[in-house]
Amino acid sequence: MAQPLLIKNATLINEGRQWQADLLVKNGRIEKIAAQIDPGGAVHEIDATGKWLMPGVIDDQVHFREPGLTHKATIGSEARAAVAGGTTSFMEMPNTNPPATTQELLEQKYDRAAATSVANYSFFMGVANDNVEEVLKTNAKKRDVCGIKIFMGSSTGNMLVDNYVTLNKIFGDTELLIATHCEDERIIKANKELYADADNASFHPLIRNEEACFESSFSAVQLAKQHNTRLHILHISTERELQLFTNMFPLKDKRITCEVCVHHLHFTADDYARLGTLIQCNPAIKAPHHKEALWKALLDDRLDIIATDHAPHTREEKQLPYGKAPSGLPLVQHSLQMMLHYVKEGRISLEKVVEKMCHAPAECFRIEERGYLREGYWADLVLVDPNTSYTVEKNNILYHCGWSPLEGNTFPATVSHTIVSGNVVFENGKVNDSTRGMRLQFQA
């Protein structure tokens, strides 16, 4: 383990409050939080005067493209970008090449992360129309795997599951959380015929429209209610879908939860004129009234988690004409800074950002001993300088694809340090490649 670490004079942001304190890390865990700490021995000390100390961000939806799509990204490259933005743990999706639809392929991804990832990690088991029995073997790994991923709409990777017998069996028999991508393929196909002459990205939210999202999300919710399945619907993008979720009881008691992604809170369909296919994603970024509805639902707790759906492609791929350009955009390095921009604007509190990006993913996925600043918990921490702005430029982007739709944007705060399981992995603009993250563990 690393030398003990003492963070002095920080403003801690945790569990709905802010206060001044020191924090001591030993053996990878938070040893003590107090107004003043005398470590009683040699430590690595960080003076955090004027800085915010919060739990590391947990991103429950990323696509790191390994294996098979490593010209776009690798687990190692995107984990480096993640920690540079204050994300200490990620959960990665199965639509790689080959897709993670067998236990052997799933474990190969874990092995690769153990060898290359500076962030903590977990990987979803993928569902196809013909691998039900293989998926259900994951029941024996409830403590070691974050969940089951079902594409109930087509996206990158050809993993659409549209066989009702398969869906019914998985929803009925899995003992893990099911995460779903919800878009109705029948509606999308009809819209593609209706807009057969679509020649730019502004048609994308018309083809992958509100109806397609709602009908698929509604079906998933009905299946979950029928079987009392633990369901988490990813990247909600429409106003209509919000009626499917509740804020009537705490997150820890919900059986059906949902996520919003930073790009659906930041961009609208008006931005296609400027950015085109660079912001083409599934589900689509839609009209401004959807963005406003998402913000309202985030603040009143119908939306549970903020994530990224980080999905890199090369700039060359993204600059292909609409209809040929792939969907997805890289975001994991800048998600926290994006939300801190809205803190400065007064749209959301700092405490709420920490709740939705750190606490809520830990609660939703029942992650053991992470997501909070608590004595005894693993020391996954991010230190933010709120007085130093940060401009996204090509030379400071760590994504393997080398670009961002946010290039040229200046954010009001800078991530100065990121600590993963007690190790300082990012400090003043540089990643420490000598350490590795840990496999996330989950309460059974």
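Me: Are Tyr110 and Tyr121 buried or exposed?
Reply: Both Tyr110 and Tyr121 are buried. Buried means under 20% relative accessible area, exposed is over 50%, and partly exposed is in between, with a 1.4 Å probe and protein chains only. Bear in mind that this is a predicted model, where local features need pLDDT of at least 70, side-chain atom pairs count only at pLDDT 80 or more, and totals for chains, interfaces and linings use all residues. Residues are numbered from 1 along each chain as its sequence is written, and side-chain values use heavy atoms, leaving out hydrogens and water.

Me: How many aromatic pairs does the structure hold?
Reply: There are 10. Rings of Phe, Tyr and Trp (its six-membered ring) pair if their centres lie within 6.5 Å; planes under 30 degrees apart count as stacked, over 60 as edge-to-face and the rest as tilted. In one of them, Tyr110 with Tyr121, the ring centres are 6.3 Å apart and the planes are at 55°, so that pair is tilted.

Me: Which parts does that pair tie together?
Reply: Tyr110 lies in helix 2 (residues 103–116) and Tyr121 in strand 8 (residues 120–123), so the pair ties together parts 11 residues apart in sequence. Helices (H or I, at least four residues) and strands (E, at least two) are DSSP runs, numbered from the N terminus.

Me: Switching topic, what is the strand order in the open sheet of 6 strands?
Reply: The order is 9-10-11-12-13-14, with parallel pairing. Two strands pair if DSSP finds at least two bridges between them. The edges are strand 9 (125–126) and strand 14 (305–307), each pairing on one side only.

Me: And how many bridges join strand 11 to strand 12?
Reply: 3 bridges join strand 11 (residues 178–182) to strand 12 (residues 231–233). Ile178 has Leu231 as its bridge partner in strand 12.

Me: Which residues have the most contacts inside the largest nonpolar core?
Reply: Ile150 and Leu336, in a core of 106 residues. Such a core is a set of buried Ala, Val, Leu, Ile, Met, Phe, Trp, Tyr and Cys residues joined through side-chain atoms within 4.5 Å. A second, separate core of 20 residues includes Met91 and Phe124.

Me: Last one: where does the charged end of Arg17 sit?
Reply: Over the ring of Trp19, 3.8 Å from its centre. The cut-offs are NZ of Lys or CZ of Arg within 6 Å of the ring centre and within 35 degrees of the ring normal.
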